[in-house]
Amino acid sequence: MILQSFKPLTFESEDINLNNLHDNDLKKIKDGINNYQLVLLKKQQITMSQQISFTKELGKIEFVWEDKHPDSDYIQLLQNKLKKYKPFKSTSKHWHTDRSFINPSSKYTILYAKQIEGNAGGTEFCNLHQAYMKLSDEYKIKLSSLNTIHAFDYKFPELMKKKLFSEEKISALKSKYPEVARPLIKTNSVSGTKSIFLSELCLKKIIELNEDESSNLLKYLYDFVLNPEYRYVQEWEEGDILIWDNESLMHRALNTPLNIRREFHRTTTMVITN
Ligand SMILES: O=C(O)CCC(=O)C(=O)O
Ligand SMILES: [Fe+2]
């Protein structure tokens, strides 16, 4: 199979309009996520309840754990103008997959650029599935015997401390979110494809290796997956809806300018395994 360079499967609003979604459209979106890991819908204009219904069509919707929209427990509000400083934002600047430190982790993230004035910055993606496919057979086998620890208690506490979160709050979150073990090579719960499941924000170590071996192998793997061939930058335009598969991609927020309005609505579904 020849892998194309990484970019989202894109639908214009004439092709798919979430205000008037046909059964076949949903199939196109689901097939698109399975085959491309990233689907972009252009020039959409939807209400919060439409976003929630659409998310429920894709899977089991998650409750928001931070920056909740005042009118919904399912919608996360990402905004940056004339708002009080958003302390958690800095965590998104590190390569991550959503909620990998919690079980179940997030499956699909649906991010809707509801309002943008000016250049809203970008979100960068790295295709961990395409990178896996380029490993040698020998390496695929070797890596598939390894497991990893994903933890809140890795980068989060240090980043939160910088933003003046109290020790009490941080230690409460540490107890709330104990470490979770995950295979290094993840089998996608829907498509069955495999990915090198990494996260600079949450992946603390490889269980079977000593500290040096673990950090050396992780360094090698980050260099390997962060090859430009597997990367894509989403330059946001108002009305964009991006749907990504956290089991196959990692992502990070690029420099989001603080002086322009950028209001995004975000929903997620959870990974369901049998
Ligand atoms: O703000 C961004 O560009 C991305 C934030 C993020 O990591 C997310 O929505 O999961
Ligand atoms: Fe994220």
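The chain has a radius of gyration (taken over C-alpha atoms) of 18 Å, which agrees with the value near 19 Å that a compact globule of 274 residues would have; that rule is 2.2 Å times the number of residues to the power 0.38. Keep in mind that this is a predicted model, where local features need pLDDT of at least 70, side-chain atom pairs count only at pLDDT 80 or more, and totals for chains, interfaces and linings use all residues. Residues are numbered from 1 along each chain as its sequence is written, while chains are lettered from A and ligands numbered from 1 in the order in which they are written.

**Overall build**
- The C-alpha trace spans about 50 × 50 × 35 Å along its principal axes.
- You'll find seven helices and 14 strands in the chain, counted as DSSP runs (helices H or I, at least four residues; strands E, at least two) and numbered from the N terminus.

**The nonpolar core**
- The largest nonpolar core has 47 residues, and C126, L128, I196, L198, V225 and I243 touch the most other members.
- β4 gives the most to this core, with five residues.
- Such a core is a set of buried Ala, Val, Leu, Ile, Met, Phe, Trp, Tyr and Cys residues joined through C-beta atoms within 7 Å; buried means 20 or more other C-beta atoms within 10 Å of a residue's own, with C-beta atoms placed from the backbone.
- Buried residues come to 35% of the 274 in the chain.

**Around ligand 1**
- Ligand 1 is surrounded by 10 residues, with S92, D98, T123, A253 and R266 the closest; a residue is near if its C-beta atom, placed from the backbone, lies within 6 Å.
- β4 (106-116) and β13 (249-253) each supply at least two residues of this shell.

Technical notes: A residue is buried if 20 or more other C-beta atoms lie within 10 Å of its own, exposed if 12 or fewer, and partly exposed in between; C-beta atoms are placed from the backbone.
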